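Please read it alongside the sequence and the structure shown here.

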Amino acid sequence: MNSESFKEYNAWPVEFQNLKKITKKEIEEKIKSHTFIFKNFFIDELISIESQEINSHLIFENCFFPKRFEINQSSFKNSLQFKSCRILDLVIRNSKFHGAIFLKNNLIGNFELKRIETKNQINIIDNTFTKKNKILYFTDIKSNDTINIKDSSFQSGISFQHSSFKALVFESVTINSEDKFSINLNGTQCKSFINVKKSTISSQIQLINSNIEDSFFIEKCKIHSLRKSESALTIQRSKICNFIFHKNNIYGSINLSSNSFSRILDLQNSYILNDGRLEIFDCQVNSPSVLNSLHLTGGLLIASSKFQDILKIKDISHSSALNKKNEEYLIEISHSEFQKNLTIELISSKNPSISFTNSNFHKDLILEKINYFSSKKSIAIIDCDISNRLILSTVNEISNCIFKNSYCKILEDEITSWKCNNIFINFNYCLISENSIIDLKERVKWIKNISHTRKNHDDCYAILLKSYKEMNLQHQFKELSFNISDHKREISTGYNRLILSAYKNLIGYGYKPNLLINYILFFIFFGSLIYYFAAERSIITPNQAIVYTDNDIKICSKENWIYCKELPNEYPSFNPLIYSIDTMLPFVDLGQEKSWSIKTNSNKKDFYESISTMEIGNIIRWFQWIQILFGWLSSLIIIAWFSGFIKIDKNN
């Protein structure tokens with residue numbers, strides 16, 4: 001005997017000296033006589049078991065089948081087992097199994113398993129499938145138990161199309177396929193889980209139009225893509241309860257599109273290499289999701305997807321390849337909806353650029369612990385609606401950002417993080433979080449950094465004013481309003497600038513009315529000192545005719561009038577403080593100004609001479625005139641301010 005018929009399939013050499021030759025007819029006779037164990041046989045004929053009902057275990061051990069072995073339209077009450085066999089072609093079709101199908105330590109050229117019904121497991125363990133460029137079909141299988149494929153190697157892809165089973169396990173499997181896919185799970189129905197673990201797969205895993213009622217695990221695998229245009233892992237139009245992807249090396253992209261994940265989407269501790277990209281497109285995820293510790297050479301895309309619960313993207317890194325593609329972002333999120341928080345944390349990269357476009361965030365958008373924004377792009381938030389908080393926490397050196405046509409209710413940031421070249425265009429927010437640094441000088445500096453046009457500058461100030469007002473931060477609100485009005489004064493000219501300067505110095509543009517009150521009090525108390533000084537030097541004299549017509553009283557003119565004892569009791573005595581108040585306030589009559597006046601030595605001189613005569617009486621008279629004028633001006637301003645004629649520009 002020789003093994004020429006097997007050499008074309010690159011099979012291992014087989015020793016035949018210990019095998020007994022048996023014919024097809026002898027096998028059929030043994031099966032009819034209820035002998036179902038065949039050990040150490042060599043069968044050099046095409047074997048066909050067709051339309052048989054086998055009531056016991058059918059076992060082939062250490063047998064060699066250099067030609068086709070086919071089972072068709074048969075029923076097995078117990079298991080079918082192949083152990084340590086060499087089989088050119090093994091085909092099992094249109095059959096029912098109440099027991100398990102068990103293949104262990106076999107060398108098989110081509111293997112087909114089609115239209116099978118089984119109530120027990122299918123175990124394919126420690127086998128080698130040698131035929132290249134011909135897909136191994138496990139299609140139209142109906143199994144009520146688990147299909148186990150372990151410690152086996154394949155030279156071509158495996159298809160499980162249109163099969164249903166309780167669970168499917170690939171563990172320690174090597175598939176060296178040059179086909180478009182290595183594992184095809186399209187149209188499958190899984191009542192429990194699919195687990196691909198510790199395997200090396202040379203081309204794509206496909207899961208399309210399938211339903212996994214529990215979990216799809218991919219763990220500790222190496223998965224390649226034969227072509228850059230094809231993904232290494234494609235999951236489309238499928239319903240999956242949990243998708244768990246841990247500790248894998250993927251040489252190509254991952255495409256998740258038009259899927260529904262009812263519970264967990266969990267991708268962690270994996271490398272996606274060869275410019276591979278993780279794409280989540282048109283998916284619905286109904287439970288908390290985690291993308292953690294991923295190395296993405298081609299970035300992350302989330303598009304047209306809906307997340308009903310929290311999504312956390314943490315510890316994302318990438319190689320320098322993406323840095324060369326200035327047109328791309330490391331993380332792109334577009335046309336998606338997030339019902340709860342989206343958190344992006346710990347991006348360790350020289351170009352951790354993140355783009356959000358046309359997306360709705362019903363809770364918080366959180367960016368935390370993201371460092372070194374020194375690239376041409378860092379954060380872009382365009383046409384987004386954030387219903388609650390935009391949180392930028394421990395984000396270092398934010399530069400080259402674009403916040404455009406977007407809204408958030410609360411902005412929570414660290415003001416020192418913002419650097420240069422940040423553009424805000426029609427970006428609105430209602431509040432600044434109480435957790436943020438709210439130092440006014442830093443905020444004004446921030447506005448100057450992000451403003452590139454006068455309108456943009458004014459819009460930012462208006463938003464900041466509104467935020468301070470909503471937070472009831474009256475001090476910051478008034479200070480900022482004052483600074484805005486002062487900026488308007490600085491850019492104005494002529495009479496407008498003069499009026500605004502007076503408005504600033506007297507009442508602080510309406511935000512500091514205490515200035516005017518302080519001026520009035522200053523003039524009153526300073527005036528009282530002046531008038532006390534004048535009275536002590538006999539510069540204050542009575543102002544009524546009765547004093548000068550009564551000879552007994554007139555004697556006091558040689559002395560100081562305020563100490564004159566001859567003045568009648570009904571004549572008001574001089575009080576410098578009351579006199580200053582009476583002079584200062586035009587609508588108040590305390591009787592002092594009517595009863596007392598300032599004596600000068602130039603009353604008969606003309607106006608210009610009185611100015612040039614610097615006598616004490618003249619100086620005090622000029623001070624009184626100034627006090628009267630200032631009193632009228634202050635009173636009119638106060639009346640106008642209280643009446644609303646002078647309005648504070650609350651919008652600025």
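The model is predicted.

**Helix 7 with helix 10**

- Helix 7 and helix 10 pack at an angle of about 130°, and their axes lie 8 Å apart.
- The crossing of helix 7 and helix 10 is right-handed.
- On the side of helix 7, the contact involves Ile520, Phe523, Ile524, Phe525, Gly527, Ser528, Tyr531 and Tyr532.
- These residues meet Pro576, Leu577, Tyr579, Ser580, Ile581, Thr583 and Met584 of helix 10.
- The contact of helix 7 with helix 10 comprises 11 nonpolar residues, 4 polar residues and no charged residues.

**Helix 7 with helix 13**

- Helix 7 (residues 514-536) packs with helix 13 (residues 616-643) at an angle of about 155°, with 11 Å between their axes.
- Helix 7 and helix 13 are therefore roughly antiparallel to each other.
- Helix 7 and helix 13 cross in a left-handed manner.
- Helix 7 contributes residues including Leu516, Ile520, Phe523, Gly527, Tyr531 and Ala534 to this contact, and helix 13 contributes residues including Ile616, Phe623, Gln627, Phe630, Ser634 and Ile638.
- The residues in the contact of helix 7 with helix 13 divide into 18 nonpolar and 4 polar, with no charged residue.

**Helix 10 and its surroundings**

- In helix 10 (residues 576-584), the buried residues are Pro576, Tyr579, Ser580, Asp582, Thr583 and Met584.
- The buried residues of helix 10 pack against helix 7, helix 11 (592-595), strand 54 (596-598) and helix 13.
- At the start of helix 10, a side-chain oxygen of Asn575 comes to within 3.0 Å of the backbone nitrogen of Leu577.

**Residues with positive phi**

- Most residues other than glycine have a negative phi.
- Asn94, in the loop between strand 10 (86-93) and strand 11 (96-97), has a positive phi near 50°.
- Asn94 counts as partly exposed because its relative accessibility is 29%.
- His162, in the loop between strand 21 (158-159) and strand 22 (164-165), has a positive phi near 55°.
- His162 counts as exposed because its relative accessibility is 51%, and the cut-off for exposed is over 50%.

- Thr146 belongs to strand 19 (residues 146-150).
- Thr146 is buried, because its relative accessible area is 11% and buried means under 20%.
- The side chains of Thr146 and Asp145 are joined by a polar contact of 3.4 Å.
- Not counting residues up to four places away in sequence, Thr146 touches Gln121, Ile122, Lys166, Ala167, Leu168 and Val169.
- Ser153 belongs to strand 20 (residues 153-154).
- Leaving aside neighbours within four places in sequence, Ser153 is in contact with Asn127, Thr128, Phe129 and Thr174.
- Ser153 and Asn127 are 26 residues apart along the chain, and their C-alpha atoms are separated by 6.4 Å.

How values were computed
Residues are numbered from 1 along each chain as its sequence is written. This is a predicted model: local features need pLDDT of at least 70, side-chain atom pairs count only at pLDDT 80 or more; totals for chains, interfaces and linings use all residues. Side-chain values use heavy atoms; hydrogens and water are left out. Helices (H or I, at least four residues) and strands (E, at least two) are DSSP runs, numbered from the N terminus. Buried means under 20% relative accessible area, exposed over 50%, partly exposed in between (1.4 Å probe, protein chains only). A polar contact is a pair of N or O atoms within 3.5 Å; within protein, one must be able to donate a hydrogen and the other to accept it, and residues adjacent in sequence count only if both atoms are side-chain atoms. Contact means heavy atoms within 4.5 Å. Axes are lines fitted to C-alpha atoms, for helices over the stretch in contact, and angles run from 0 to 180 degrees between N-to-C directions. Angles under 35 degrees count as roughly parallel, over 145 as roughly antiparallel, 65 to 115 as roughly perpendicular and the rest as oblique. A crossing is left-handed if the near helix is turned anticlockwise from the far one by less than a right angle, and right-handed if clockwise. Ala, Val, Leu, Ile, Met, Phe, Trp, Tyr, Cys and Pro count as nonpolar, Asp, Glu, Lys and Arg as charged, and the others, Gly among them, as polar.
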